[in-house]
Amino acid sequence: MQLEAVIFDFGDTLLLTDRWDYDKCLKNLQNSLQKNGVTLQIPYDQFKRIYFEVRDQMYHQSEKALEEVDFRVRISETLERLNEFYSCRSRIIKLAAEAFVDAFIEDLHMENFLPPLLSKLEEIYKLALVSNFAYAPGLRRILQCFSLKRFFDVVVISGEFGLRKPHPKIFEEVLKKLDVAAAKSVFVGDSLKADIYGASRVGLRTILVENVGFRKNPYATAGELDPYPVEPTVRIPNLSRLFDALTFL
Ligand SMILES: [Mg+2]
């Protein structure tokens, strides 16, 4: 069936995270908290340990339901364990989340061919983005920083929507917003479970971007990089092969 929409994953599909220094991001977050008046009398390593305990516990609790908990809740709960009480809606927590994203942006990179590729695609297809990203304002800022926002008709972010890929509802949401049928859409992503299994279950064709060498981020959500018993419609080594792959679908 004629293809009308191309829907992308974000991390390690559009922008690459192999240079991501999570410690730098988390130190920036902790510095922001301290600068803005949170009295944390603990070394970074202890803060980091508690942060990851909170993060992993949250992911574990929401694993079955695939609910996304906002990044600001994660920060607020980390502080709660240190007997510091700040609402996840407070300005201090927001500034800390932004400080994390400031450092993350420095480490992200994209391949030079991406903007011309997206320009070419947007003349033919509707384009959308669906990302598992716990802090939606951060991802919107990243898209602006890399001048990518303009290419997408629809952006759905788990932190805003409340559910993570591979939940079918997040794929149904993007199709509804695009006003395109699943059978006329393709999903392009690097995760077999979140992207390929999730999208194919809703009836989309799928392209796995293997990006070998880029998918090494040790802080990826548990299971993100694992094998999964699903076969994409097409596999490509990186996005430079996407345009041709689409014509053969
Ligand atoms: Mg990804």
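What radius of gyration would a compact globule with 249 residues have, and what does the protein chain have? A compact globule of that length would have a value near 18 Å, and the protein chain has 18 Å, which agrees; the radius is taken over C-alpha atoms, and the globule rule is 2.2 Å times the number of residues to the power 0.38. This is a predicted model, in which local features need pLDDT of at least 70 and side-chain atom pairs count only at pLDDT 80 or more, while totals for chains, interfaces and linings use all residues. Residues are numbered from 1 along each chain as its sequence is written.

**Overall form**
- Taken along the principal axes, the box filled by the C-alpha atoms of the protein chain is roughly 60 × 35 × 30 Å.
- Of the 249 residues, 37% count as buried, a term that requires 20 or more other C-beta atoms within 10 Å of the residue's own, with C-beta atoms placed from the backbone (12 or fewer is exposed, in between is partly exposed).

**Helices and strands**
- The protein chain has 10 helices and 6 strands, which are DSSP runs numbered from the N terminus (helices are H or I, at least four residues; strands are E, at least two).

**The sheet**
- The 6 strands form an open, parallel sheet in the order S3-S2-S1-S4-S5-S6, where two strands pair if DSSP finds at least two bridges between them.
- Strand S3 (154-157) and strand S6 (234-236) each have a single partner strand, so one side of each is left without a neighbour in the sheet.
- Strand S5 (residues 205-209) runs parallel to S6 and is joined to S6 by 3 bridges, and Leu208 stands opposite Arg235 in S6.
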